[in-house]
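The following note sets out several points on the model for a reader at the start of the subject. Please keep the sequence and the structure in view while reading.

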Amino acid sequence: MPKMLLSAPVITISLLISATACAQSTDADFTPLIKARNTTAVESLARERVTKNAGDDVALWYLGRTVAGDTKKRDDVLVRAEQCIKDLPKSARCHHTLGSLYGAMAMSGGMTAGLKYAGKIKEMFVRAVELDPRHYDMRRDLNQFYLQAPGIAGGSVRKAIENSNDFGKLDGPRGQILRAEVHSYEKEFAKAETILKSIKPGTDADLAEALPGAMVNLGFAMINHDEAAKAQKLFEQQVSVTPSNATAHFGLGRALLAQKNFDGAVVAIERSLQMDPKITAHYRLGMAYQGKGDKERALQAFQQFISYQATGKAADDAKKRIEELKRS
């Protein structure tokens, strides 16, 4: 009898430890790290959680989003995502994670890979939305697939509009953000800007935080389609409304750089880096200094850029510019 009394607490503690080890993660566990842009901590926590509990689809989702662009880490998470779907066939997170990983593989593999994975990406994203129709990130990624994929691979502006409208019935303001992104893709920038400015966050703190990001994305789209002067006005408005928004200052710098206002570009981009040293602005800063004729600072900026981003078109161009600057 005494042995039974003594063993009861031990059993209770064992059950508590087991329950803790298998506890399901929540978005709240990762949100502070995401806002701090501490991707290393996000990956570490997510990996720890899925190691303890293979069925922790929330942790797996964050792990997938963190390592998708890393070919060395992606394969392991891909296997986990495939198994997650088998174990949890009604998990939107598992399906969306796998779709995101396929998307990263398509982007890094060129047109052939894009066509190869397009069907799988669409299948996973559509299923994720079916399972969790209120999740904004999942809706947005499905929209981006419809807008970016060629028609032969399942892309469709009409479907993007339908997806935006369907989401709008569940979440009006965020549905409007998706609709604005469709207008932006169609180069209907005035319509997109009007929609975004009409959205009133009220007490929705997350929406209030998302809106400046949507405006910034619109500004970048304007620059990419030779509307730098309009983008400048948009970014100037954003800087006045949210002066601590480092990305808005960077966007202003990019708009000025596109118009060959090198002095203004340097000021805006340097300010963005002062606010957020993690922002990947050194490539454009190098271009601005090069435009000014300041070879030494241009060289420093380009070298700083490739120290944290060594691959890709921008990195290749930065390396080329470094060699040119060294020879001149």
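Predicted model: local features only at pLDDT ≥ 70, side-chain atom pairs only at ≥ 80, totals over all residues.

**Notes on the model**

1. Glu130 and Arg127 stand three residues apart in helix H6 (residues 92–131), so about one helical turn separates them. A helix here is a DSSP run of H or I with at least four residues, a strand is a run of E with at least two, and both are numbered from the N terminus. The two side chains form a salt bridge, with N and O 3.3 Å apart; the term requires a side-chain nitrogen of Lys or Arg within 4 Å of a carboxyl oxygen of Asp or Glu. Glu130 counts as exposed because its relative accessibility is 52%, whereas Arg127, at 32%, counts as partly exposed. Residues are called buried under 20% relative accessible area, exposed over 50% and partly exposed in between, with a 1.4 Å probe and protein chains only.

2. Residues are numbered from 1 along each chain as its sequence is written, and side-chain values use heavy atoms, with hydrogens and water left out.

3. The overall description is as follows. The chain has 17 helices and zero strands. Along the principal axes, its C-alpha atoms fill a box of roughly 85 × 45 × 45 Å. Of the 328 residues in the chain, 43% are buried. Among contacts (heavy atoms within 4.5 Å) with a separation of 6 or more, 50% join residues 24 or more positions apart.

4. Which residues have the most contacts inside the largest nonpolar core? They are Ile177, Leu196, Leu218, Phe235 and Phe302, in a core of 50 residues. Such a core is a set of buried Ala, Val, Leu, Ile, Met, Phe, Trp, Tyr and Cys residues joined through side-chain atoms within 4.5 Å. Helix H11 gives the most to this core, with ten residues. Leu218 touches Ser184, Phe189, Ala192, Glu193, Leu196 and Leu234, when residues up to four places away in sequence are not counted. A second, separate core has 42 residues, including Ile85, Ala92, Met124 and Val129.

5. The second largest pocket has a volume of about 200 Å³. A pocket is an open set of points on a 1 Å grid over the protein atoms alone, where a 1.4 Å probe fits and protein lies on both sides within 12 Å along at least five of seven lines; lining residues have an atom within 4 Å of a point. Grid points are joined across faces, edges and corners, and the volume is the space filled by probe spheres set on them. Among the lining residues of this pocket are Leu196, Lys197, Ala208, Met215, Gln237 and Thr242. Helix H10 (189–198), helix H11 (205–224) and helix H12 (228–241) are the elements that give two or more residues to the lining, and H11 provides the largest share, four residues. By type, the lining divides into eight nonpolar, three polar and one charged.

6. The whole structure holds 21 salt bridges. A network of these links Glu43, Arg47, Lys73, Asp76 and Arg80.

7. Is Glu43 buried or exposed? Glu43 counts as buried because its relative accessibility is 14%. Beyond residues up to four places away in sequence, Glu43 touches Leu63, Thr66, Val67 and Lys73.

8. A further salt bridge joins the side chains of Asp294 and Arg297, at 3.8 Å from N to O. Asp294 counts as partly exposed at 23% relative accessibility, and Arg297 is partly exposed with a relative accessible area of 46%.

9. Met107 and Ala149 are 42 residues apart in sequence, and their C-alpha atoms are 11 Å apart in space.

How values were computed
Nonpolar A, V, L, I, M, F, W, Y, C, P; charged D, E, K, R; others polar.
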